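Please work through the following exercises with the sequence and the coordinates at hand. Each task is followed by a worked solution.

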Amino acid sequence: MTELAQRISETPMAPYVDLLRSMQPKDMRIVVSFLQETMAEAEKTPKTASEIIREKFKDLAISQETKDLVRGLSLSSEEIADERTQYILGIR
């Protein structure tokens, strides 16, 4: 067993080492598959707030009255460039 594999005794999995050693290869593969999937999920980067907002409002229907209000606004280029303002106004 490699030195890295022997370090399992330093992890929360230590109580299960004897159980894992006594398992059948078929059952070991199931455990390894579970661990691989769990690791892949843990390594995913969480969504940013803007991604969550974008996903939440992607199918938002903008009424004609709201569009008319937007046309009448006087906004600076910085305000128009702001992603939050764009979502609020339905520009994006």
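The model is predicted, so local features need pLDDT of at least 70 and side-chain atom pairs count only at pLDDT 80 or more, while totals for chains, interfaces and linings use all residues. Residues are numbered from 1 along each chain as its sequence is written, and side-chain values use heavy atoms, with hydrogens and water left out.

**Exercise 1.** Determine the span of helix H3 and its count of buried residues.

Solution. Helices are DSSP runs (H or I, at least four residues), numbered from the N terminus. H3 covers residues 25-43, 19 residues in total. The expected span is 1.5 Å times one less than the number of residues. From first to last C-alpha, H3 reaches 27 Å, close to the expected 27 Å. Buried means under 20% relative accessible area, exposed over 50%, and partly exposed in between (1.4 Å probe, protein chains only). The count of buried residues in H3 is zero, and the helix is hardly covered.

**Exercise 2.** Locate Tyr 16 and identify the surface patch that includes this residue.

Solution. Tyr 16 is placed in the loop between helix H1 (3-6) and helix H2 (17-21). Its relative accessible area is 44%, so Tyr 16 is partly exposed. Patches consist of residues with over 30% relative accessible area and no salt bridge; like charges are joined within 9 Å, nonpolar side chains (Val, Leu, Ile, Met, Phe, Trp, Tyr) within 5 Å. Tyr 16 forms a nonpolar patch with Met 13 and Leu 19, and together they have about 290 Å² of accessible area. Such areas come from the Shrake-Rupley method with a 1.4 Å probe.

**Exercise 3.** Is Gln 86 buried or exposed, and which backbone oxygen does its side chain reach?

Solution. Gln 86 belongs to helix H7 (residues 83-89). Its relative accessible area is 14%, and therefore Gln 86 is buried. Its side chain reaches the backbone oxygen of Ile 80 at 2.8 Å.

**Exercise 4.** How many salt bridges does a search of the whole structure find, and which parts of the chain does the pair of Glu 83 and Arg 54 link?

Solution. A salt bridge places a side-chain nitrogen of Lys or Arg within 4 Å of a carboxyl oxygen of Asp or Glu. The search finds four. Among them, Lys 47 and Glu 55 meet at 2.5 Å, N to O. Another joins Glu 83 and Arg 54 at 2.8 Å, N to O. This pair links distant parts of the chain, with Glu 83 in helix H7 and Arg 54 in helix H4, 29 residues apart.

Conventions:
Helices (H or I, at least four residues) and strands (E, at least two) are DSSP runs, numbered from the N terminus. A polar contact is a pair of N or O atoms within 3.5 Å; within protein, one must be able to donate a hydrogen and the other to accept it, and residues adjacent in sequence count only if both atoms are side-chain atoms.
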